[in-house]
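Hi,

Here is the structure I promised to pass on. Have a look at it first, and my notes follow below.

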Amino acid sequence: MTDETKQKILDVALKLFSKNGYAGATTRIIAAEAGFTEMTLYTKFKTKQNLFNQVMIYGMEKLNKDASSLIFIDNEFEDPKDFLETCVKNLDKFFWNNFEFFKLGFNQDRKVTGPIWKESTEYFSKYIEKYIPNQKIDYMAFSLSIFSFVYMSNLGKYQGGHNPLRDELLEKFIYNLTLCIE
């Protein structure tokens, strides 16, 4: 089996696990949508659980790569507001580019994904603190509010909801965040 075959199966599995959950995404449907037989899928991944684990590993690797290039950038910002605007807009792109993985991760057993999200939030909050040093901010709560808003905004977009005010709402959210740092 080629790496191209493995990648196609992983891509389809991510899409279906995200959409239907672990129980609802059968290996038969995953294989069929990827254009292969179920036997081909099992030849490479052995079990559905192994396929799921590989999807999670692939997703985390992609997240780490994308986070380095989109979110955790060390630029010179004019001021904390400039940083915040850039950070939130880049986070919005990051969530959209990886939305199926986020949706999958948020809907799985918290015993598995909870530590990952906690670590990610802690890392993000330290990144914010680096550029917005302010002893009055609870950086974890601030980070969680950003994550929550961006996730819910992208969830609506993912589910096909077209909100013509989405960009305007994002701008207003950023403005409200800047009020918290003054």
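**What I found**

K46 counts as exposed, at 58% relative accessibility (exposed is over 50% relative accessible area, buried under 20% and partly exposed in between, with a 1.4 Å probe and protein chains only). K46 sits in the loop between α3 (38-45) and α4 (48-70), and has a positive phi of about 65° without being a glycine.

Before you go further, a word on the source: this is a predicted model, where local features need pLDDT of at least 70 and side-chain atom pairs count only at pLDDT 80 or more, while totals for chains, interfaces and linings use all residues. Residues are numbered from 1 along each chain as its sequence is written, and side-chain values use heavy atoms, leaving out hydrogens and water.

**Overall picture**

The protein chain has 9 helices and 0 strands (DSSP runs numbered from the N terminus: H or I of at least four residues for helices, E of at least two for strands). Its C-alpha trace spans about 60 × 30 × 30 Å along the principal axes. Of its 182 residues, 41% count as buried. Among contacts with a separation of 6 or more, 67% come from residues 24 or more positions apart (a contact means heavy atoms within 4.5 Å).

**Salt bridges**

There are 8 of them in the structure (a side-chain nitrogen of Lys or Arg within 4 Å of a carboxyl oxygen of Asp or Glu). One of them pairs K15 with E33, with the closest N and O atoms 3.3 Å apart. That pair links distant parts of the chain: K15 is in helix α1 (residues 3-24) and E33 in helix α2 (residues 27-34), 18 residues apart.

Then look at K89. Its salt bridge with E85 has the closest N and O atoms 2.9 Å apart, and both residues lie in helix α5 (residues 80-97), about one turn from each other. K89 also forms a salt bridge with E171, at 2.7 Å. E171 belongs to helix α9 (residues 166-180), so this pair ties together parts that are 82 residues apart in sequence. Through shared partners, E85, K89 and E171 join into one network.

**Cysteines**

How many disulfides does the structure hold? The count is 0 (a disulfide is a pair of cysteine sulfur atoms within 2.5 Å). C87 has its nearest cysteine sulfur, that of C180, 14 Å away, which is too far for a bond. C87 is buried at 3% relative accessibility, whereas C180 is partly exposed at 46%.

Cheers
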